[in-house]
Amino acid sequence: MPGLGLRNDVYRRPLSTALERLGVGPGWCCADIGAGGGDVSVALAEVVGPAGRVYAVDINPELRDAVAQAAAEAGGAQVVAITMAAEDLLLPEPVDLAFCRFLLMHVVDPLAVLRRMASVTATGGWVLAQEPVTSAGRVGGQALSMPGARHPDIGALLPGLVAKAGLELVDAWAEAPAGAGPGPVADYLEDLTGVSPGLDPVVLPPLVTVMARKPAAG
Ligand SMILES: C[S@@+](CC[C@H](N)C(=O)[O-])C[C@H]1O[C@@H](n2cnc3c(N)ncnc32)[C@H](O)[C@@H]1O
């Protein structure tokens, strides 16, 4: 798995675009599912401020320390780290935003996880997912693959899945970092694949973002 710092460098823009479009702001209560080392959780905490809260949920218990450290380094961010499978997701309170990035591509049943994310979201609140279309990435014109992921192209199905999860699709789009030669895009790809792209042009897997609202029941 690539270093979270590297992933944040190259995929920062899709994250910022999504949070700005949604209008996440002070006081929001958010959940970052499959939070990893907590970099996105901390980014969310910085936006929601001291009056807000972020639940950083991951199945891997070893990541709790990394989340705590990232939150501490960010200076008093309201981040609560929870070890839990997304399939069993339960939170102490309904959230305004349930978020995931690069998670659904790894789980057995992405629709079941989206339904759990919807279930912890307050009525009128938001589910935001950012997942890749790996095979749409290119190195030197050749398609990328990720044999270790269960659903490497789940991004292509995401807009349809949110409707099946009982959510109202409000917006969806795709963004892909690209470059050629030395820089964060080449570093990220080398970290991911173990092979440097050299001077070959690289288009990293586009991230499909879906912004979906939880409708009132009935
Ligand atoms: C590729 S990392 C993404 C981390 C972070 N979301 C990001 O974008 O930087 C995937 C994370 O999902 C977690 N994960 C995988 N399966 C999970 C599951 N079923 N429930 C909760 N977390 C899971 C992994 O432990 C890992 O931290």
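The shell around the ligand in this predicted model comprises 11 nonpolar, four polar and five charged residues. There are 20 residues around the ligand in total, and G34, G36, I59, A86 and R101 come nearest. Two elements give two or more residues to this shell, namely α1 (4-22) and α2 (39-48).

The largest nonpolar core contains 69 residues. Of the elements, α2 gives the most to this core, with seven residues. Within the core, the residues with the most contacts are C30, I33, M117 and V127. In soluble globular proteins, nonpolar side chains tend to be buried together. The surroundings of C30 were examined with neighbours within four places in sequence left aside. On that basis, C30 is in contact with L44, V48, V54, V95, D96, L97 and F99.

Is L97 buried or exposed? A residue counts as buried when 20 or more other C-beta atoms lie within 10 Å of its own. L97 has 24 such atoms within 10 Å, so L97 is buried. Leaving aside neighbours within four places in sequence, its contacts are V24, W28, C30, G125, W126 and L128. L97 and A118 are 21 residues apart along the chain, and their C-alpha atoms are separated by 9.4 Å.

A118 is among the buried residues of α4, together with P110, V113, L114, R116 and M117. M117 is also one of the residues with the most contacts inside the largest nonpolar core. Which elements cover the buried residues of α4? The cover includes β1 (29-33), β4, β5 (121-132) and α5 (158-164).

The loop between β4 (95-101) and α4 (110-119) holds F102. The backbone at F102 has a positive phi of about 55°, although F102 is not a glycine. With 22 other C-beta atoms within 10 Å, F102 is buried. The threshold for burial is 20 or more such atoms.

The sheet architecture was examined next. Strands of a sheet pair through backbone hydrogen bonds, either parallel or antiparallel. Four strands form an open sheet in the order β7-β6-β10-β9, with antiparallel pairing. Its edge strands are β7 (142-143) and β9 (178-180), each of which pairs on one side only. Strand β6 (residues 138-139) pairs with strand β10 (residues 201-203) over two bridges, in the antiparallel sense. V139 stands opposite V202 in β10.

At the level of the whole chain, the secondary structure consists of six helices and 11 strands. The radius of gyration is 17 Å, close to the 17 Å that the globule rule gives for 218 residues, so the chain is as compact as a globular protein of that length. The C-alpha trace spans about 50 × 40 × 30 Å along its principal axes. Buried residues make up 47% of the 218 residues. How much of the contact set comes from residues 24 or more positions apart? Such residues account for 75% of the contacts with a separation of 6 or more.

Note on methods
Residues numbered from 1 in each chain as written. Predicted model: local features only at pLDDT ≥ 70, side-chain atom pairs only at ≥ 80, totals over all residues. Near = placed C-beta within 6 Å. Nonpolar A, V, L, I, M, F, W, Y, C, P; charged D, E, K, R; others polar. Core = buried A, V, L, I, M, F, W, Y, C linked by C-beta atoms within 7 Å. Buried ≥ 20, exposed ≤ 12 C-beta atoms within 10 Å, placed from the backbone. Contact = placed C-beta atoms within 7 Å. Rg over C-alpha atoms; globule rule 2.2 N^0.38 Å. Pairing = 2+ DSSP bridges.
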